[in-house]
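Dear colleague,

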Amino acid sequence: MKKRSDNSPPREVTSNQSDLHPNLVTTVNKHLRHRFQKPYADHNIEAFKQACAWLAERPSPIILDSFCGTGESSRQLARQFPSAVVIGVDKSAARLQRHQVQSDETVDNYLLLRADVDDFWRLAAEANWRLQQHYLLYPNPWPKSAQLQYRVHGSAVFPALLQLGGMVTLRSNWKLYAEEFATALTLAGYKALARPYLPEKTITAFERKYHLAEQALWECRCAINSGS
């Protein structure tokens, strides 16, 4: 079992919430009915322009890797899907600066950007992006009951995720997060379930850490038809 720097195993998610959030259905339905109109931040607009310019030279299916952290998953996905292009997005410049590449390998079909998905998803949806795949790998669980609005499915930008379409894959080490995400997708008219996930090969540092610590991992995969 892999230990942390203080020689303790990675912590499992703890929460004062033991079941689906009591306000989940109301919150999701409210966001599905009402458009989120928060103004865009300038740095997110610039990041999206950079993405569009990069894509203009690469007419390939788009895979979006949201909350990509150090970009390890983006690089792994680019290797796995060489006929697609991968865009990794994370709000932390410090995490992105820790991205590591292998000097003996050239993988040029991915781009890492610093941006907030709250804006990036909406900008992409307004530009009529249609994703082949969308990965949300181990987002911050925001486990306190009062933090529902910070979870992907409880956020006002959840409808933008739906508009982008594609095969959406969410993974978490908190079963309830994956179950809530599946419930939100079901409310939006899609068939989704949370299932146990056992990685053959880990593609993020969090996934590797949790797997080595023998924590249960959960996945929700759902094909979203953005035209529905």
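Predicted model: local features only at pLDDT ≥ 70, side-chain atom pairs only at ≥ 80, totals over all residues.

Residues are numbered from 1 along each chain as its sequence is written, and side-chain values use heavy atoms, with hydrogens and water left out.

Helices (H or I, at least four residues) and strands (E, at least two) are DSSP runs, numbered from the N terminus. Strand β5 (residues 166-172) is largely enclosed by the rest of the structure, because 6 of its 7 residues are buried (under 20% relative accessible area, with a 1.4 Å probe and protein chains only). Strands pair if DSSP finds at least two bridges between them; β5 pairs with strand β4 (residues 133-137) in the parallel sense over 5 bridges, and Leu136 stands opposite Leu170 in β5. Strand β7 (residues 217-224) runs antiparallel to β5 and is joined to it by 7 bridges, with Met167 opposite Ala223 in β7.

Rings of Phe, Tyr and Trp (its six-membered ring) pair if their centres lie within 6.5 Å, and planes under 30 degrees apart count as stacked, over 60 as edge-to-face and the rest as tilted. By this rule the count comes to 8 aromatic pairs. Among them, Phe120 and Trp129 have ring centres 5.8 Å apart and planes at 80°, so the pair is edge-to-face. Phe120 is buried at a relative accessible area of 0%, and Trp129 is buried at 7%. Phe48, Phe120 and Trp129 form one aromatic cluster.

With best wishes

How values were computed: Buried < 20%, exposed > 50% of the residue type's maximum accessible area, 1.4 Å probe, protein only.
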